[in-house]
Amino acid sequence: MWQALYQELEGKGFVVIAVALESRGAEAARPWIEAAKATYPCLVDATHIVAERYGMVNVPIGVWIDEAGTIVRPPEPAGTTDSFRAMDRQTFALSAEARADLRNARASYVAALRDWAERGAASKFALSPEEVRRRMAPPDEAKARATACFRMGEYLHAVGFEGDARAYFDEATRLHPQNWAFRRQAWNLEDPMKAGGKEFWAAVDALGDGHYYDPVEMPAVQP
Amino acid sequence: MPQTLISGDRTTVLAGATSEGDALWVPVGDLEPASGWTLKPEGACRGEECVPIPRGQESLFVRPGLFNLAALAGYLGQPVVHDARRNAWVIGESAGRRAAGLDSLEAPDFTLPDLQGNLHSLHDYRGKKVFLVSWASW
């Protein structure tokens, strides 16, 4: 998904690190990684530990880290929007309008990444420390406990106690309902079709006017 | 009964540990490999950090040859999840510590394998602009 951009920008001191949140482990991620023919590092996070450390609650979520290891854009949807919610749930077809919205979101995000790769700290898309802090969702006790419950669910599932695992996954979702990575991974462990099935759509519909992907605050790129 | 402890990147089966209600008594020799903590005269220490055992509560934390890791976690505000049926414990990171780390804006380090099993750490890419992006098959 990011290969063309990486190839274009790798000479500018820019690297993509893709992290698969995948409790089923490397073999579950392998077909996708191989199909992407990526030359940047594609890593497998079997315990969602990167998601925890950065506060990523969904996919795809991007974080920008500068040459000194400082976060210059906190976790935010990486070039996608809620337009997928208008999908026809039988045919997976999207209206022309929704397709255009997704195309635009992706193009804007890629243009911003390109601007940052070229200009570094001078890019208007590299945020000030105050702005990064303002946009970051702070950890709290409920989220920390949700993560511990999710880890327990993952462990119990891995050692064959699927039924016991479910209660911990449910508790993780109750404590941190915005964490779609927990929810969808738990559905996926139960049955790979479930993460995109009727349970998923019911949960998305229950958001009502709320967001699945928070809108990205990003100025327009000058052509 | 052996107890399984999941903490940070590590999952450890503690053959000599016992569970008693909310307490997880870990043989002192197993503490460091399982949790990173060691016992010193000044308290429980991990890296630069030393936590004095609260005065008057020593018996909640220490027994001869054993240390109650769950009590320490609770004292530090870390979430503790215990499944008594399967003898499993998760000790997570406290919200306060996570928040302090993020407030510094220093990107949290991590080490993960690629498909070939080669390990990559974020710090290997110091000096580059890193676009870190999550994805999933689900």
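Chain A of this predicted model comprises nine helices and four strands, helices (H or I, at least four residues) and strands (E, at least two) being DSSP runs numbered from the N terminus. From the N terminus on, these elements follow the order α-β-α-β-α-β-β-α-α-α-α-α-α. Residues are numbered from 1 along each chain as its sequence is written, and chains are lettered from A in the order in which they are written. Local features need pLDDT of at least 70 and side-chain atom pairs count only at pLDDT 80 or more, whereas totals for chains, interfaces and linings use all residues; side-chain values use heavy atoms, with hydrogens and water left out.

The C-alpha trace of chain A spans about 55 × 40 × 35 Å along its principal axes. Its radius of gyration of 18 Å agrees with the value near 17 Å that a compact globule of 223 residues would have; the radius is taken over C-alpha atoms, and the globule rule is 2.2 Å times the number of residues to the power 0.38. Of the 223 residues of chain A, 52% are buried, where buried means under 20% relative accessible area, exposed over 50% and partly exposed in between (1.4 Å probe, protein chains only). Among contacts in chain A with a separation of 6 or more, 61% involve residues 24 or more positions apart, a contact being heavy atoms within 4.5 Å.

Over all chains, the structure holds 26 salt bridges, each defined as a side-chain nitrogen of Lys or Arg within 4 Å of a carboxyl oxygen of Asp or Glu. One of them pairs the side chains of R86(B) and D164(A) at 2.5 Å, N to O. This pair joins two chains, because R86(B) lies in the loop between β10 (80-83) and β11 (88-91) of chain B and D164(A) in helix α7 (residues 162-175) of chain A. R86(B) is partly exposed, at 24% relative accessible area, while D164(A) is buried, at 15%.

Helix α7 of chain A also contains both E171(A) and R174(A), three residues apart, about one turn of the helix. Their side chains meet in a salt bridge of 2.8 Å, N to O. E171(A) is partly exposed, with a relative accessibility of 25%, and R174(A) is exposed, with 55%. In chain B, R97(B) forms a salt bridge with E93(B), their closest N and O atoms being 3.5 Å apart; R97(B) is partly exposed, with a relative accessible area of 41%. Salt bridges with shared partners also join E131(A), R134(A), R135(A) and E217(A) into one network.
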